[in-house]
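Hi,

Here is the structure I promised to pass on. Have a look at it first, and then read my notes below.

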Amino acid sequence: MKREKEPCKVFLALLVFLDWSRADDSCREILLKDRSGVINSPTDPKTGKYPPNSQCFWDFYSIDGIADDQFITFRFLDLEIELSDNCNYDHVELTNRIGRPVPLKRFCGNEIPPSVTVPARKDLRMYFFSDEIYEYKGFSIEYKVVYNDVKCPEGEFQCRTGQCVEEHRVCDTLDDCGDGTDEQQCNHLTEEPEICGLTPVIPELGNGDRIVGGRDAVAGSWPWQVSFQYIYTYPSGHFCGGAVVNRNWILTAAHCVKDKYKEEVRIHFGNHHRWMADPQEVLRYPTDWYFYKWEDIALVRFNAPLSFNDVIQPVCLPELEERVEDGTMGHVTGWGNTIGTGHSTVLKQAMVPIFNFEACSNYNTPFSISPTNICSGTDNGGINPCFGDSGGPLVAQKDNKWTVYGLVSWSPLVCGIKQEEPTVYMRVSAFRQWIDKTISSN
């Protein structure tokens with residue numbers, strides 16, 4: 001089993017990134033001149049793996065005859081790079097060489113991704129980075145300049161994923177693309193769900209023996225859970241969670257999406273595994289997000305309505321200003337960091353006691369707590385959300401249905417240890433009127 005990195009690794013990687021004197025110089029900057037070829041990662045002849053502290057650049061502007069109306073297709077022949085959250089450690093990516101680097105695509109892991117075709121921009125650059133530990137075999141990528149992007153045959157519609165479907169299937173209320181692009185802008189009438197908070201797949205409640213200190217969830221048993229991911233990262237760009245409230249809307253934390261461009265985000269529904277697709281998993285793309293003043297809560301509308309099934313269902317909303325009794329046990333779910341406690345590849349859950357604002361105020365916290373917050377925590381610590389769980393739902397049962405009472409806003413600065421800091425959530429019942437008005441008016 002792969003050993004998880006120490007929490008300080010991210011800071012070490014940043015220092016290495018900035019310290020060019022330690023970087024491998026074998027591929028510092030290479031100008032590509034041929035209209036097709038193969039790009040390989042550097043190899044240490046002693047180990048057969050890429051060396052640590054590599055900084056490699058391949059630039060395409062010197063290719064003879066390349067023009068802005070052309071495209072370049074990339075196909076992976078081989079891929080074996082350290083797998084990490086959002087490929088933040090070792091990775092290969094397509095980016096720009098002029099101005100602030102912006103990833104077009106980023107790859108890591110060992111699963112061969114689909115081919116990628118991008119415009120042949122003059123500033124297009126392929127970049128490879130490796131930090132100071134964990135070296136692997138590397139990659140081999142075939143590139144080719146083409147005159148046309150991959151298009152579907154006449155009479156077929158091209159999904160945003162690149163898949164082709166017959167045009168007569170567009171706007172037929174069935175999600176043939178798997179990402180809703182064949183059903184968006186179709187003026188479908190969508191009714192509010194008559195039921196909510198049901199789990200066709202029954203969850204195993206409690207903490208088991210393991211989010212941090214919790215346990216892995218039964219696949220599909222929290223069907224309102226969603227994963228917000230960066231669209232440019234393969235295989236997984238997860239950065240936050242959220243909760244489905246109806247066929248068109250999600251609740252999440254404002255800080256998850258406030259500084260993001262909608263074009264760089266995709267939303268996963270019905271998924272359980274972090275690094276691979278699940279059988280009933282579907283994608284959507286955000287079209288609008290709405291924020292409540294300065295509070296850490298957001299509503300996100302996506303491009304096409306959902307079809308509910310056993311693993312995709314809406315959660316119930318609490319009544320306006322509804323409160324739960326202090327000590328009520330709830331469940332919080334997410335794909336956040338597990339700090340070495342295991343189950344890092346699947347959705348996790350933790351059972352935690354819920355406390356209202358008055359009880360929250362008795363904790364010593366680095367940030368102020370307001371009446372729009374609720375908290376969870378235990379005296380022994382170690383059972384709480386962590387990095388990547390933000391925006392995820394805190395739910396509890398009411399009348400045999402699950403209701404979302406909180407959205408993860410912030411957690412203790414150090415996850416999974418005994419400390420006198422709670423996890424702080426946005427209290428959903430404080431915003432029920434705003435939620436209803438936003439949905440009904442948009």
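Arg 125 is buried, with a relative accessible area of 13%. Keep in mind that this is a predicted model. The side chain of Arg 125 meets that of Glu 29 in a salt bridge, at 3.5 Å from N to O. Arg 125 sits in strand 8 and Glu 29 in the loop between helix 1 and strand 1, so the pair ties together parts that are 96 residues apart in sequence. Glu 29 is partly exposed, at 49%.

The search of the whole structure turned up 16 salt bridges. Another one joins Arg 427 and Glu 321, with the closest N and O atoms 2.9 Å apart. This pair links distant parts of the chain: Arg 427 belongs to strand 26, Glu 321 to the loop between strand 20 and strand 21, and they are 106 residues apart. Arg 427 is buried, with a relative accessible area of 10%, while Glu 321 is partly exposed at 43%.

Now for the nonpolar side. The largest nonpolar core has 47 residues, and Phe 228, Ile 250, Leu 251, Ile 267, Phe 269 and Ile 435 touch the most other members. Elements giving two or more residues to this core include strand 13, strand 17, helix 2 and helix 4. There is also a second, separate core of 29 residues, with Phe 76, Ile 81, Cys 87 and Met 126 among them.

Leaving aside neighbours within four places in sequence, the contacts of Ile 267 include Val 226, Phe 228, Ile 250 and Phe 302.

Cheers

Methods: Residues are numbered from 1 along each chain as its sequence is written. This is a predicted model: local features need pLDDT of at least 70, side-chain atom pairs count only at pLDDT 80 or more; totals for chains, interfaces and linings use all residues. Side-chain values use heavy atoms; hydrogens and water are left out. A nonpolar core is a set of buried Ala, Val, Leu, Ile, Met, Phe, Trp, Tyr and Cys residues joined through side-chain atoms within 4.5 Å. Buried means under 20% relative accessible area, exposed over 50%, partly exposed in between (1.4 Å probe, protein chains only). Helices (H or I, at least four residues) and strands (E, at least two) are DSSP runs, numbered from the N terminus. Contact means heavy atoms within 4.5 Å. A salt bridge is a side-chain nitrogen of Lys or Arg within 4 Å of a carboxyl oxygen of Asp or Glu.
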